[in-house]
Amino acid sequence: MAEITDFMKLDMRIGAIISVEYNDKALKPAYKLQIDFGEEIGVKNSSAQLCENYKEDELLGRKVISVVNFPAKRVAGFKSEVLVLAAVTRDKGTVLLKPDFDVEIGSKIL
């Protein structure tokens, strides 16, 4: 079982998607995202399997919640540096998590 101290090790932040490109090298449909987390974190890359529910232009400018302190990982030839958080459901597929209000990029999730 996880402890609260395990959860507290995660650095989750609000970021804004500034670039979206379809990754044609991915085995499962995925986008290559560039996400701006503000001054402290900067711009990071993420590979995200969001093609089922989101078009590229719908993602551009969208604020998302991401884990920013996992080690970088190569996904289909693309360096993915952060994990974008989403719910995976049987009936709706992958659905992004987002804040209810317009919050600053870089804001911490607690």
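Glutamate 40 counts as exposed because its relative accessibility is 62%, where exposed means over 50% relative accessible area, buried under 20%, and partly exposed in between (1.4 Å probe, protein chains only). In this predicted model, local features need pLDDT of at least 70 and side-chain atom pairs count only at pLDDT 80 or more, whereas totals for chains, interfaces and linings use all residues. Residues are numbered from 1 along each chain as its sequence is written, and side-chain values use heavy atoms, with hydrogens and water left out.

The side chain of glutamate 40 meets that of arginine 13 in a salt bridge of 3.4 Å, N to O; the term stands for a side-chain nitrogen of Lys or Arg within 4 Å of a carboxyl oxygen of Asp or Glu. Arginine 13 lies in strand 1 and glutamate 40 in the loop between strand 2 and strand 3 (43-48), so this pair ties together parts that are 27 residues apart in sequence. Helices (H or I, at least four residues) and strands (E, at least two) are DSSP runs, numbered from the N terminus. In contrast to the exposed glutamate 40, arginine 13 is buried, with a relative accessible area of 2%.

## Other salt bridges

A search of the whole structure finds seven salt bridges. One of them joins lysine 63 and aspartate 102, whose closest N and O atoms are 2.6 Å apart. Because lysine 63 lies in strand 4 (residues 63-67) and aspartate 102 in the loop between strand 9 (93-96) and strand 10, the pair ties together parts that are 39 residues apart in sequence. Lysine 63 is partly exposed, at 24% relative accessibility, and aspartate 102 is exposed, with a relative accessible area of 68%. Salt bridges that share partners also join Asp11, Arg13 and Glu40 into one network.

Aspartate 6 and lysine 9 form a further salt bridge, with 3.9 Å between the closest N and O atoms. Here aspartate 6 counts as partly exposed at 34% relative accessibility, and lysine 9 as exposed at 59%.

## Nonpolar cores

In soluble globular proteins, nonpolar side chains tend to be buried together. A nonpolar core is here a set of buried Ala, Val, Leu, Ile, Met, Phe, Trp, Tyr and Cys residues joined through side-chain atoms within 4.5 Å. The largest such core has 15 residues, and those with the most contacts inside it are Ile17, Leu33, Ile35, Leu50, Leu59 and Leu96. Strand 1 (12-22) and strand 2 (31-36) each supply at least two residues of this core, and the largest share, three residues, comes from strand 2. A second, separate core of five residues includes Met12, Ile14, Val67 and Leu85.

Leaving aside neighbours within four places in sequence, isoleucine 35 is in contact (heavy atoms within 4.5 Å) with residues including Gly15, Ile17, Val43, Val64, Val82 and Val84.

## The aromatic pair

A search of the whole structure finds one aromatic pair. Tyrosine 22 and tyrosine 31 form this edge-to-face pair, at 6.3 Å centre to centre and with 80° between the planes. Rings of Phe, Tyr and Trp (its six-membered ring) pair if their centres lie within 6.5 Å, and planes under 30 degrees apart count as stacked, over 60 as edge-to-face and the rest as tilted. Tyrosine 22 counts as partly exposed at 40% relative accessibility, whereas tyrosine 31 counts as buried at 6%.
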